[in-house]
Amino acid sequence: MKELLFIVNPAAGNGTALGAIPLIEQFCRQCRFKYEITKTQYKGHATALAKSAISLSYDAVVAVGGDGTVMEVANGLVGSLTPLGILPTGTGNDLSKSLNIPSKIDKALSIIAYGKPKYIDAVSYGDGYFFNVASVGFDAEIARDIQKVKRWISGKAAYYIAAFLKFITYRHKDVILEIDNTKISAKILLFAIANGTYYGGGMNVNPNGSIDDGYIDAILITPVPRFKFPFLFWKFVSGKYLDLPYVKAYRCKKVKIHSNESLPVNGDGDIIATTPVQFSVLNQGILVFC
Ligand SMILES: Nc1ncnc2c1ncn2[C@@H]1O[C@H](COP(=O)(O)OP(=O)(O)OP(=O)(O)O)[C@@H](O)[C@H]1O
């Protein structure tokens, strides 16, 4: 008989995660699983809850929420033998998309109930780990500004408004990148450090990436004329942009980013740091049902 712990973020997906609780209970009763459901009370709580669950030998600790919740739970489990389960009930759910976890709750629950966990890589940024995609530049500034927009508007509309405002106001940034042993000075539209493939609500940033190969894909996008944005945006969303003259991709183990200006760093949809920042890949960092 399986024993599962569900960590539910009541704030995720405008209440979608909370709405999943009756389905979780019904599913676990039908499968005759032992289960516990606990709700987070504050930002960061999920990491503490997951950490203290490691010694209790659950068959899985399940993050019920969006990318932020998953990152917090995963940070509590990284390096342990306790597998992570994911019920994608947030606004973005990009890591789930990178891992092919279905968005329907009953199907995602079946993967945890009947699937086998596999190792994926984690990427350290000093204070913790991210598991999908980090970035600096255009999209990281949107991730920062979205918090202000959310005071007035919730959900995806907040993202579209923050993105539109950034499109009008963005100034390209000067950075120095150290990608393994190669040093590059560049002006960037954005620079992505990708472990998974999808981010920003389903954009295919890293079409050739693999989340379990022991490598990071570093993707440098240099300035693009503003009038070309709409055309390139479509290419970016569909993952058909790596051969454009503005784009260079590197497969590596370590990345450092320096800049004169302190720049926000987005990791799995949240601001996790500011520059300077250093990333390194941890191969087989966490077990996940996917
Ligand atoms: N009880 C809580 N109250 C408020 N915020 C919380 C609570 N528990 C966790 N959080 C925070 O909620 C944030 C959003 O969570 P998550 O990303 O899972 O949901 P989301 O709906 O996908 O949000 P986003 O719009 O960021 O994608 C996380 O940064 C997390 O730290």
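**Valine 62.** I looked up the contacts of valine 62, leaving aside its neighbours within four places in sequence. I found Leu4, Leu5, Phe6, Ile7, Gly85, Ile86, Leu87 and Ile112. Two residues count as in contact if their C-beta atoms, placed from the backbone, lie within 7 Å.

**Ground rules.** This is a predicted model: local features need pLDDT of at least 70, side-chain atom pairs count only at pLDDT 80 or more, and totals for chains, interfaces and linings use all residues. Residues are numbered from 1 along each chain as its sequence is written.

**Core.** Next I checked the largest nonpolar core, which has 85 residues. Such a core is a set of buried Ala, Val, Leu, Ile, Met, Phe, Trp, Tyr and Cys residues joined through C-beta atoms within 7 Å. Buried means that 20 or more other C-beta atoms lie within 10 Å of the residue's own, placed from the backbone. Ile7, Val61, Val62, Val73 and Leu84 have the most contacts inside this core. Strand 18 (residues 277-289) gives the most to this core, 7 residues. I noted that strands are DSSP runs of E, at least two residues, and helices are runs of H or I, at least four, numbered from the N terminus.

**Domains.** I read off domain 1 (3-115) and domain 2 (129-279). The bounds come from an automatic or database domain assignment. The core draws at least three residues from each domain. The domain centres, taken over C-alpha atoms, are 27 Å apart.

**Where they touch.** I found 14 residues of domain 1 in contact with 17 of domain 2. On the domain 1 side, helix 4 (67-77) and helix 5 (94-98) each supply at least two residues. Helix 4 has the largest share, 5 residues.

Notes. A residue is buried if 20 or more other C-beta atoms lie within 10 Å of its own, exposed if 12 or fewer, and partly exposed in between; C-beta atoms are placed from the backbone.
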